[in-house]
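Here is a short briefing on one structure. Keep the coordinates open while reading.

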Amino acid sequence: MNTGAFGGPGSSSSSSAVGGSVNKDRKMQSAEQLVLDLSNPDVRENALLELSKNKELFQDLAPFVWNSFDLAPLLWNSFGTIAALLQEIVSIYPVLSPPNLTPVQSNRVCNALALLQCVASHPDTRMLFLNAHIPLYLYPFLNTTSKSRPFEYLRLTSLGVIGALVKVDDTEVISFLLSTEIIPLCLRTMEMGSELSKTVATFIVQKILLDDVGLDYICTTAERFFAVGRVLANMVAALAEQPSSRLLKHIIRCYLRLSDNPRACDALRSCLPDMLRDNTFSSCLREDPTTRRWLQQLLINVQGPRVTLQGGGGFEHLMVN
């Protein structure tokens, strides 16, 4: 077989590499042009759509180009780009109350939010994003109460930006969020949002609680603790009617973390929902050993070391001797 430089497999491989490099260069140039287009109101809508739709693809270019390409730093450092995204967000404030948000408006601003989520997720831009207080621009969306699809989509995408911030454990991020109204806003969504938005909002509260600063903040006053506890208890009651193992997992993890605080643990002895003490959710958690262990540890923390395991069928029924 000819493997030389003039026509064998080596030549084909080289051609493929060159073709791949050219293709990546074209995609990079396309991304850069789309970012520039964000500053032009006449073509911004298409740029928002294409960038948000392909943001993972553009970010995946990094390993293949000589100068590592990353969408988040490009968005942040390009002149006028963040201002353009904020302009998209602010422009729909007037239709939030009374609620007149259309599906077209919702989709467009959610595309802008998807790009901000990209910036919030990136280690090189996360703190710049936070120091500019950009999350505050999203709070009016979380403060809405309409359950229509455009508003629900808007809430969910906004929560995704906050979720991207808390996903990486960082006390500085938690401290910033606690200085704002994020806890009441998440609790509002946990009460009235869709299952998915409730899940993301509960995940955010969970990540805040998992940080020592967040746990101390929630447990400093009875008012804060019982505000969180009341919403969690209401969600447990609702899940008894419409189970969701994904949402229940985050609720149990929140309760378990609260039980790490001595005063909160004492309070949970009287206010932990009975449905978490019996086998109400046995079928819901049958395929989730991690959450079953969390629930077991929660009940041990709250009820003391007298908790023993009984029963079977894939779910350990926790009983008090």
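**Briefing: charge pairs, helices and backbone geometry**

R257 is buried, at 10% relative accessible area. Its side chain forms a salt bridge with D260, at 3.1 Å from N to O. The model is a predicted one.

**Salt bridges**

- Side chains of opposite charge can pair when their charged atoms come close.
- The structure has 12 salt bridges.
- D260, in contrast, is partly exposed at 43% relative accessible area.
- R269 and D266 form another salt bridge, with an N to O distance of 2.3 Å.
- Both residues sit in helix α16, which spans residues 262-271. They are three residues apart, so about one helical turn separates them.
- R269 is partly exposed, with 42% relative accessibility. D266 is also partly exposed, with a relative accessible area of 48%.
- R277 and D274 pair through their side chains at 3.7 Å, N to O. This distance counts as a salt bridge because the cut-off is 4 Å.
- R277 is buried at 19% relative accessibility. D274 is exposed, at 56% relative accessible area.
- A network of salt bridges links R44, E45, E88 and R108.

**Cysteines**

- How many disulfides does the structure hold? The count is zero.
- C254 is buried, with a relative accessible area of 1%.
- C265 is buried too, with a relative accessible area of 7%.

**Helix α17**

- Helix α17 covers residues 289-303 and has 15 residues.
- From first C-alpha to last, α17 reaches 21 Å. That is close to the 21 Å expected at 1.5 Å a residue.
- Which residues of α17 are buried? They are T291, R292, L295, L298, L299, V302 and Q303.
- G304 follows α17 and has a positive phi, near 95°.

**K207 in helix α12**

- K207 is located in helix α12, residues 195-210.
- Is K207 buried or exposed? K207 counts as buried because its relative accessibility is 14%, and the cut-off for buried is under 20%.
- K207 is in contact with V166, K167, D169 and I174, leaving aside neighbours within four places in sequence.

**Backbone details**

- Most residues other than glycine have a negative phi, and most peptide bonds are trans.
- The peptide bond from S97 to P98 is cis, with omega near -5°.
- P98 lies in the loop between α5 (81-91) and α6 (103-121).
- H133 is not a glycine, yet its phi is positive, at about 60°.
- Where is H133 placed? H133 is in the loop between α7 (126-131) and α8 (139-142).
- H133 is partly exposed, with a relative accessible area of 39%.

Definitions and conventions:
Residues are numbered from 1 along each chain as its sequence is written. This is a predicted model: local features need pLDDT of at least 70, side-chain atom pairs count only at pLDDT 80 or more; totals for chains, interfaces and linings use all residues. Side-chain values use heavy atoms; hydrogens and water are left out. Helices (H or I, at least four residues) and strands (E, at least two) are DSSP runs, numbered from the N terminus. Buried means under 20% relative accessible area, exposed over 50%, partly exposed in between (1.4 Å probe, protein chains only). Contact means heavy atoms within 4.5 Å. The expected span of a helix is 1.5 Å times one less than its number of residues. A disulfide is a pair of cysteine sulfur atoms within 2.5 Å.
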